[in-house]
Amino acid sequence: RLACEDLVRKLQPITRHLTESLGRQPAWAEVVEAAVDAKADMTGYGCYSGQFEKGVLPGDSKLGPSQYLAFGACVSHVRYDALLAEATVLRAEIVTDQGYSLNPSIDAGQVQGAFTMGLGYVLTEEFLFSEKGANASNGTWEYKPPSSQDIPVVFNISFLKDVPNAAGIYSSKAVGEPAMLASASILAALRHAVGALRKDGNVQGAFDLSVPATPEAICVAAAVNPATFSFAE
């Protein structure tokens with residue numbers, strides 16, 4: 001809305017000129033055509049401060065930037081193969097609060113997409129820089145966004161029932177980015193797996209495993225000793 005108002009202000013001189021020359025209120029298409037001919041800036045800008053500003057939120061709302069809260073929970077089951085240094089998300093069960101979903105299929109897809117974006121952030125997408133500060137991960141050989149092989153083998157989405165949102169459009173709630181937070185469950189599950197592996201190897205003490213938990217980072221945290229491996233002939 002703020003960006004639209006900014007654009008209207010920029011076009012006001014052109015609108016006034018057309019009104020005077022045509023003797024009537026110009027149509028929107030005529031204003032746009034005249035603005036293009038005049039090489040006018042037709043980009044509107046707006047930045048919402050997050051505080052209550054009269055005229056920004058619908059009606060007389062005084063709830064500030066957040067008119068409601070969205071809730072969700074996720075449980076992830078992860079397997080870590082120490083021989084291959086490979087982590088696999090076997091299962092993800094996500095429950096979210098969508099109010100009365102306008103389209104459950106679309107909303108479920110949005111939740112899955114957001115979770116997968118978070119999965120990349122947690123597991124694979126690492127930014128690397130040279131000693132001179134140059135980006136060393138500027139290609140798909142170095143920078144690894146998640147692929148179809150990285151998503152959970154079992155990937156279930158469900159919505160809370162009978163939770164209408166009085167402040168939402170048709171009692172619904174926004175869907176999308178909030179589900180990225182659910183991917184934190186993957187890191188928590190990996191830390192449990194690494195802890196179990198360290199215990200099996202009689203490795204004592206605390207360990208650090210932050211994001212992105214790449215194969216190298218997990219291997220270091222697990223403190224795996226290849227000398228302890230045994231191979232069947």
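The legends below describe close-up views of a predicted model.

**View 1. The packing of helix H3 against helix H4 in the predicted model.** Helix H4 covers residues 184-200, and its axis comes within 8 Å of the axis of H3, the two crossing at roughly 40 degrees. H3 and H4 are therefore oblique to each other. On the H3 side the meeting residues are Phe-115, Leu-119, Val-122 and Leu-123, while on the H4 side they are Ser-185, Ile-186, Leu-187 and Leu-190. By class, the residues of this contact between H3 and H4 divide into 7 nonpolar and 1 polar, with no charged residue.

**View 2. Ser-183 and its contacts.** Ser-183 is placed in the loop between S3 and H4. Its relative accessibility is 4%, and Ser-183 therefore counts as buried, the limit being under 20%. Once neighbours within four places in sequence are left aside, Ser-183 is in contact with Phe-115, Gly-118, Leu-119 and Val-122. Of these residues, Phe-115, Leu-119 and Val-122 also take part in the meeting of H3 with H4.

**View 3. Thr-116 in helix H3.** Thr-116 has its place in helix H3, which spans residues 104-123. With a relative accessibility of 16%, Thr-116 counts as buried. If residues up to four places away in sequence are not counted, Thr-116 touches Pro-146, Ile-151 and Phe-155.

**View 4. The packing of helix H4 against helix H5.** The axes of H4 and H5 come within 9 Å of each other and cross at roughly 40 degrees. From H4 the contact draws on Leu-190, Val-194, Leu-197 and Arg-198, and from H5 on Ile-218, Ala-221 and Ala-222. The residues of this contact of H4 with H5 divide into 6 nonpolar and 1 charged, with no polar residue.

**View 5. The cis peptide bond between Val-211 and Pro-212.** The peptide bond that joins Val-211 and Pro-212 is cis, with an omega of about -5 degrees. Pro-212 lies in the loop that runs between H4 and helix H5, the latter comprising residues 215-222.

**View 6. Lys-39 and Tyr-170, two residues with positive phi that are not glycines.** Lys-39 has a phi of about 55 degrees, a positive value in a residue that is not a glycine. Its place is in the loop between helix H2 (28-37) and strand S1 (72-81), and at a relative accessible area of 75% Lys-39 is exposed. Tyr-170, likewise not a glycine, has a positive phi of about 50 degrees. Tyr-170 is situated in the loop between strand S3 (154-159) and H4, and with 69% relative accessibility Tyr-170 counts as exposed.

**View 7. Phe-159 in strand S3.** Phe-159, found in strand S3, has a relative accessible area of 22% and is partly exposed. Leaving aside neighbours within four places in sequence, Phe-159 is in contact with Thr-96, Gln-98, Ser-101, Pro-104, Asp-107, Ala-108 and Val-111. Between the C-alpha atoms of Phe-159 and Ser-210, which are 51 residues apart along the chain, the separation is 30 Å.

**View 8. The largest pocket and its lining.** The volume of the largest pocket is about 510 Å³. The lining consists of 23 residues, and those that lie nearest the centre of the largest pocket are Ala-87, Leu-123, Thr-124, Asp-150 and Pro-215. Strand S2 (86-96), H3 and H5 each supply at least two residues of this lining, and the largest share, 4 residues, comes from S2. By class, the lining of the largest pocket divides into 12 nonpolar, 5 polar and 6 charged residues.

How values were computed. Residues are numbered from 1 along each chain as its sequence is written. This is a predicted model: local features need pLDDT of at least 70, side-chain atom pairs count only at pLDDT 80 or more; totals for chains, interfaces and linings use all residues. Side-chain values use heavy atoms; hydrogens and water are left out. Buried means under 20% relative accessible area, exposed over 50%, partly exposed in between (1.4 Å probe, protein chains only). Contact means heavy atoms within 4.5 Å. Axes are lines fitted to C-alpha atoms, for helices over the stretch in contact, and angles run from 0 to 180 degrees between N-to-C directions. Angles under 35 degrees count as roughly parallel, over 145 as roughly antiparallel, 65 to 115 as roughly perpendicular and the rest as oblique. Ala, Val, Leu, Ile, Met, Phe, Trp, Tyr, Cys and Pro count as nonpolar, Asp, Glu, Lys and Arg as charged, and the others, Gly among them, as polar. On a 1 Å grid over the protein atoms alone, a cavity is a set of points where a 1.4 Å probe fits but cannot get out, and a pocket is an open set with protein on both sides within 12 Å along at least five of seven lines; lining residues have an atom within 4 Å of a point. Grid points are joined across faces, edges and corners, and a volume is the space filled by probe spheres set on the points.
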